[in-house]
Amino acid sequence: MSNTLPHPTFGETEPLIRDLIARAPHLINPRSGIANDFINQYNEALLLLENLPVLLPEMIDELLAWKPKTYVAYFESSPLSGGDVAIRVYELLDDEFKSTFEKRIAVMNAIAQQAIYLIRAMHSKAGDLKSDQVECFCRVISKRLRIEIEKAVDLINHGGDEPKETSQVMADRLMATVADVK
């Protein structure tokens, strides 16, 4: 795929879509038509899960209160300028591509919500959770959620194209380059 959105054709709507994207260059990824900012809510859940064992009991309530938002709901409630543009562009995306994206989001929702459900059950049963009760679980579920977040980010950043390298491979390559410079 070239530098176009994942649509077979925009037909008469192409000027509108190009105009919308031009007005939100820092919000909407031009490869996919999706705003990376949407993934922040999953990064928040990941952060809460990864840090829960260390920050008990301070973070338990925040984690248990976490709920995902749909793409539209996220930008409707976002203070970011351009949220309305992100919604309008999203509504114009190719149905097949949007379905692929929404399936990826559904996987992240399922992982995060199942983790929260299980932690809530452990919390209810044990009263106050202890780090050792959740440490292994949080490590495993965080790794799984991180993998799914990366897949979603790849889809956003590359549209329907496969990324040339994963973000971890890129980070390793860049770190090796920095090490060679020293």
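The structure holds 4 salt bridges, a salt bridge being a side-chain nitrogen of Lys or Arg within 4 Å of a carboxyl oxygen of Asp or Glu. The model is predicted, with local features requiring pLDDT of at least 70 and side-chain atom pairs pLDDT 80 or more, whereas totals for chains, interfaces and linings use all residues. Residues are numbered from 1 along each chain as its sequence is written, and side-chain values use heavy atoms, without hydrogens and water.

Three of these pairs are tabulated below.

| Salt bridge | N to O distance |
|---|---|
| Arg-146 and Glu-50 | 2.3 Å |
| Glu-148 and Arg-104 | 3.1 Å |
| Lys-151 and Glu-148 | 3.3 Å |

Glu-148 in helix 7 and Arg-104 in helix 6 are 44 residues apart and link distant parts of the chain; helices are DSSP runs (H or I, at least four residues) numbered from the N terminus. Lys-151 and Glu-148 both lie in helix 7, 3 residues apart, about one turn of the helix. Glu-148 is buried, at 2% relative accessible area, where buried means under 20%, exposed over 50%, and partly exposed in between (1.4 Å probe, protein chains only). Arg-104 is partly exposed at 25%, as is Lys-151 at 37%.

Helix 6 comprises 32 residues (95-126); at 1.5 Å a residue it should span 46 Å, and its end C-alpha atoms are 45 Å apart, which agrees. The expected span is 1.5 Å times one less than the number of residues. Buried residues of helix 6 include Phe-97, Phe-101 and Ile-105. Just after helix 6, Gly-127 adopts a positive phi of about 85°.

Definitions and conventions. Helix = DSSP H or I, 4+ residues; strand = E, 2+ residues; numbered from the N terminus.
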